[in-house]
Amino acid sequence: MISLSRGNSHHQSFSSLSNITTRTIIQMNDVWASYDGKNYVLKEITLSIIRGTNYAIVGPSGSGKSTLLRLINGMMRPSKGQVKVDYENPNTNNKQFKLAMAKIGYIPQNLGLVRNITVLDNVLIGALPRVGKFKSFFKIFPDNETSEAEKILKLVGLEDKAERKTYMLSGGEKRRVAIARALMQKPVLLLADEIVSELDHVTAREIMDLVVNAKRRFNLTAIMVHHDIKLGLEYADRVAVIKEGQKILELGVEGDKIVDFQTGNISQQEIMELYSES
Ligand SMILES: Nc1ncnc2c1ncn2[C@@H]1O[C@H](COP(=O)(O)OP(=O)(O)OP(=O)(O)O)[C@@H](O)[C@H]1O
Ligand SMILES: [Mg+2]
């Protein structure tokens, strides 16, 4: 017989839990952002991202996609509204958030790799937050970090290029190094800004498969910016479409249907047009 009485329950008490986390890892409420205090490049952005989601942001050039990622990693503060990552307001000047930031693997649009150092050293940069300032200044990495970096390089298929200078790699290989560096951070959140744009279709898919596998393996939430709405829908659970600073649409795939989670502002005809444009 199943007993429902409280006395027999084996629920963990709050005090025995080491961490409290949110189910919604990112929450934005009516967020506006501006670089000059006059013109808003993001307007009325409201969105929730559930932990574990593979989330895509798509939209034309200049629509505000990179700015949206910068609001999440704390490089930029909103002019109005609220951004929450877990329980924190992202802000690189906030000590508490700096700890959280170490757990955000951010790959900027230009990848941010150091050209004239080796692939392995670029990946080890991801371990810097864990290694003391003194040691990292002199590039003294503990053996376990070096072997971790080698393991991750294997995962991204670059084990035979570890000692190569980074500028000698192809575009696809550089993307892999940037992903490896982000994974080296042991991130909870992966933010990737158009890392498959300008690649041929085959290479773009290889890189996307790599990210999706890493996401599963490390239990990450991934937020990826794309130019291509089709690529977004193919790989992501949710796709937010940004146009002129506003989120005009949020699509998801449920079974064999594309579901519009935003509903109202845009017609089915317009959605189809968006889809065929890219
Ligand atoms: N550092 C900056 N200072 C001033 N304006 C900026 C800055 N960065 C971006 N902007 C402006 O903000 C708007 C949104 O830029 P953002 O880089 O977020 O667009 P995007 O969607 O990522 O574009 P792309 O697809 O070309 O990368 C653009 O009008 C851009 O000119
Ligand atoms: Mg951009």
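Modeller: Two residues are taken to be in contact if their C-beta atoms, placed from the backbone, lie within 7 Å, and that is the sense in which I shall speak of one element covering another. Please keep in mind that this is a predicted model.

As to its surroundings, a residue counts as buried if 20 or more other C-beta atoms lie within 10 Å of its own. Ten of the 14 residues of helix 6 are buried by this count, so the helix is largely enclosed by the rest of the structure. The buried residues are R175, R176, V177, A178, I179, A180, R181, A182, L183 and M184. Among the elements that cover them are three helices, namely helix 3 (119-124), helix 5 (143-155) and helix 7 (201-218), and the cover also includes strand 5 (104-107) and strand 6 (189-193).

Past the end of the helix comes K186, whose phi is positive, near 50 degrees.

Elsewhere in the model, three strands form an open antiparallel sheet in the order 2-1-4. Strand 2 (40-50) and strand 4 (80-85) stand at its edges with a single partner strand each, so one side of each is left without a neighbour in the sheet.

Terms used
Residues numbered from 1 in each chain as written. Chains lettered and ligands numbered in written order. Predicted model: local features only at pLDDT ≥ 70, side-chain atom pairs only at ≥ 80, totals over all residues. Pairing = 2+ DSSP bridges. Helix = DSSP H or I, 4+ residues; strand = E, 2+ residues; numbered from the N terminus. Buried ≥ 20, exposed ≤ 12 C-beta atoms within 10 Å, placed from the backbone.
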